[in-house]
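Here is a friendly briefing to read alongside the model. Take a look at the sequence and the fold first, and then we can walk through the main points together.

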Amino acid sequence: MNRENTIKVEELELAQPGFANGISLQLAEKLKYHKMEVSLTETEKYGIIEAAAEHFGKFLTALGVDWKNDPNSSNTPRRVAKAYVNDLWRGRYECLDSVVSFPSDGYTGLVFEGSIPVTSMCSHHHQQISGKVHIAYVPTAEGRVIGLSKLNRIVEHFGRRGAIQEQLTVAIHNAVDKICEGNQGVAVMIEAGHSCVSCRGIKHQGANMITSKLTGAFMVEDACRSEFYEFVKNSKS
């Protein structure tokens, strides 16, 4: 029997509301008064965009930019604010959609999806983090599995925020663990490049960061862990 999993926001969210890698203060406030998980409306987002645009204009002015008279920059404050709310940090203003799960029907093997694209933003310098995520879990015979695209949605939801890669790895792992009920273990690996390394500071091109979090069978069973890493290798070939 198919079942819609409605996981409470507080079970999925590990970061404090208002932090760059957590939900926005506006969404947190709205959730206090709703029994169901809700997202900010377009009208509510519009208000945030307008306020942010005003302050970003002041930011440009402080940097010595005559943005009001520059034809290429005159609408930049609103463009930037709109990009943050609707794209770059979208996961801060929306709740994760409910996920439909299915009986595993006795399947106890590894479920793997590799090379899931992730685009995020370094919460230190607001530079791009771009790379791939590899996810696996092992259901029990009586457990639940989810549609494959839902793993992509989890990555997209938590990636579209400010982040450090270590915390993003843990956030994705926690969500998969909670949503894939009755699992025997979850594994998440992220391989990503950081523009804060390539565009500023040391300015080294081509450097990648790799983080992982493994629990359950992936930690206690060598064969399970080896199978995960072999799948990761194959997904990149």
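An open sheet of 5 strands runs in the order 6-3-4-7-8, with mixed pairing; two strands are said to pair if DSSP finds at least two bridges between them. At its edges sit strand 6 (162-163) and strand 8 (208-214), each of which pairs on one side only. Helices (H or I, at least four residues) and strands (E, at least two) are DSSP runs, numbered from the N terminus.

This is a predicted model, in which local features need pLDDT of at least 70 and side-chain atom pairs count only at pLDDT 80 or more, while totals for chains, interfaces and linings use all residues. Residues are numbered from 1 along each chain as its sequence is written, and side-chain values use heavy atoms, with hydrogens and water left out.

**Around strand 3**
- Strand 3 (residues 111-122) pairs with strand 6 in the parallel sense, over 2 bridges.
- Met121 has Gly162, in strand 6, as its bridge partner.
- Helix 5 (residues 148-159) packs on the sheet and touches both strand 3 and strand 4 (128-139); contact here means heavy atoms within 4.5 Å.
- The direction of helix 5 makes about 20° with that of strand 3; axes are lines fitted to C-alpha atoms, for helices over the stretch in contact, and angles run from 0 to 180 degrees between N-to-C directions.

**Two residues with positive phi**
- Most residues other than glycine have a negative phi.
- Ser115, which lies in strand 3, has a positive phi near 55°.
- Ser115 is partly exposed, with a relative accessible area of 22%; buried means under 20% relative accessible area, exposed over 50%, and partly exposed in between (1.4 Å probe, protein chains only).
- Lys203, in the loop between helix 7 (195-198) and strand 8, also has a positive phi, of about 55°.
- Lys203 is exposed, at a relative accessible area of 53%.

**The chain as a whole**
- The protein chain holds 9 helices and 8 strands.
- Its C-alpha trace spans about 65 × 45 × 25 Å along the principal axes.
- Of the 237 residues in the protein chain, 43% count as buried.
- Among contacts between residues at least 6 apart in sequence, 70% join residues at least 24 apart.
- The protein chain carries 26 positive and 27 negative side chains, and the centres of the two sets lie 5 Å apart. Lys and Arg count as positive and Asp and Glu as negative, leaving out His and the chain ends; each charge is placed at NZ of Lys, CZ of Arg, CG of Asp or CD of Glu.
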